[in-house]
Amino acid sequence: MAAPKRADGVGVLRDLQVALQLKIDELMERDALIDELELELDAKELLIRHLQAELDRERTFASCGDNTAAEVPNKAGGEPPMMRVSLDEPQRTKRQAISAEPTALDPAQLTDVTLTSYCKTKESSELIQRALMDNDFMKHLEHGQILTILDCMRPTSLERGCCVIQEGDDGSSVYVLEEGMVEVTKEGKKLCTIGPGKVFGELAILYNCTRTATVTALTDIKLWAIDRQGFQTIMMRTGLIKHSQYTDFLRSVPSFQALPEDILSKLADVLEETHYTDGDYIIRQGATGDTFFIISEGQVTVSQQSAPSDEKVMLSKGDWFGEQALKG
Ligand code: CMP
């Protein structure tokens, strides 16, 4: 692959600008469709989970114990990040398995919502964090979001026999159980019991649906709760902050400084951060180009098979490559 020529930068940049605009429009349309399909998929996944749970219950005639999968969250490694504009999405990671842009909260209200933090002991903080990261529906949240949710959770307690959540109600809070036991029932039938260190009440908030089951305290219980508005604000703010960080990054790249603000903003919309470790191949010569890269940290070597091995070009922060992909 030929290294980008910096000398005719203005002409190339203009061509790229036009090609980029076309690609961005195309991507936006595709993204809107993907969003729609993913929402549909999420809803179907949710239904499957519920049907599966019903099936398990029918099969075993026993209480199911712990209802959440305790998988280790897939954390990003410490490799240097790179920004990619993917024009085809073969490596697309599934977007967050939750509604990252909840419809219940108007973005205009975002600045009005004050997030309050509540003091917690180290033990409580660890229990909440583990619970959030263990939960099937929340483990894909970014680490920063998990920490902010944790920070905003307030303590509450209820006596044995109290109804924490009533099936069919509008959901107002997501809970983490710290002490005691609760029972989950649906249409009067027991689904399972939940013990300390588990999240519940997340479905109605994440999916903007009514409560899918009733949750009753089997003992006196101690809970941590975050309300719907706080939760949704954290989700949306993170998206906006990220967008502004990406726009700032693009503005800091000399080759992109001439781009109008709306193009930078659209580019930031489709930018994804990706990490490579030392020695990884990013693009192979001869492979179909579908991604345009801008280096945000680290260094990249560009080499060509036909060229002598010492004819390598080093690219670093702010340099870009894979631009042929933008030209289609
Ligand atoms: P939500 O629908 O907001 O309120 C009721 C909660 O009960 C729900 O979120 C889940 O946290 C929990 N819940 C619903 N169905 C099940 C199930 N089959 N097994 C375990 N927990 C459930």
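**Note on the predicted model**

1. Confidence by element. The model is predicted, and its average pLDDT over the protein is 79. A score of at least 70 is reached by 75% of the residues.

2. Residues 1-7 keep a pLDDT under 50, and the model gives them 16 contacts beyond four places in sequence. Residues 60-78 also stay under 50, with 23 contacts beyond four places in sequence. Low pLDDT means that the predicted coordinates should not be read in detail. That caution applies to the contacts listed for residues 1-7 and for residues 60-78.

3. The sheet. Four strands form an open sheet in the order β2-β9-β4-β7, and the pairing is antiparallel. At the edges are β2 and β7 (198-200), each of which pairs on one side only. From one strand to the next the twist averages 35°.

4. The β2/β9 pair. Five bridges join β2 and β9 in the antiparallel sense. In one of these strands, β9, Trp 224 is the bridge partner of Pro 155. Strand β9 spans residues 221-227 and β2 spans 154-158.

5. Helix α5 on the sheet. Helix α5 (228-252) lies across β4 and β9. Its direction makes an angle of about 55° with β9.

6. Helix α3. Which residues of helix α3 (residues 143-152) are buried? They are Gln 145, Ile 146, Ile 149, Leu 150 and Cys 152. In an α-helix there are 3.6 residues a turn, so residues three or four places apart point the same way.

7. Ser 117. Is Ser 117 buried, partly exposed or exposed? Ser 117 counts as partly exposed because its relative accessibility is 45%, which falls between the 20% limit for buried and the 50% limit for exposed. Ser 117 sits in the loop between β1 and α2. Neighbours within four places in sequence aside, Ser 117 is in contact with Asp 151 and Cys 152; Cys 152 is one of the buried residues of α3. Leu 150, also listed as buried in α3, is 33 residues from Ser 117 in sequence, with 8.6 Å between their C-alpha atoms.

Technical notes. Residues numbered from 1 in each chain as written. Predicted model: local features only at pLDDT ≥ 70, side-chain atom pairs only at ≥ 80, totals over all residues. Heavy atoms only, no water. pLDDT = per-residue confidence, 0-100. Contact = heavy atoms within 4.5 Å. Buried < 20%, exposed > 50% of the residue type's maximum accessible area, 1.4 Å probe, protein only. Helix = DSSP H or I, 4+ residues; strand = E, 2+ residues; numbered from the N terminus. Pairing = 2+ DSSP bridges. Axes fitted to C-alpha atoms, helices over the stretch in contact; angles between N-to-C directions.
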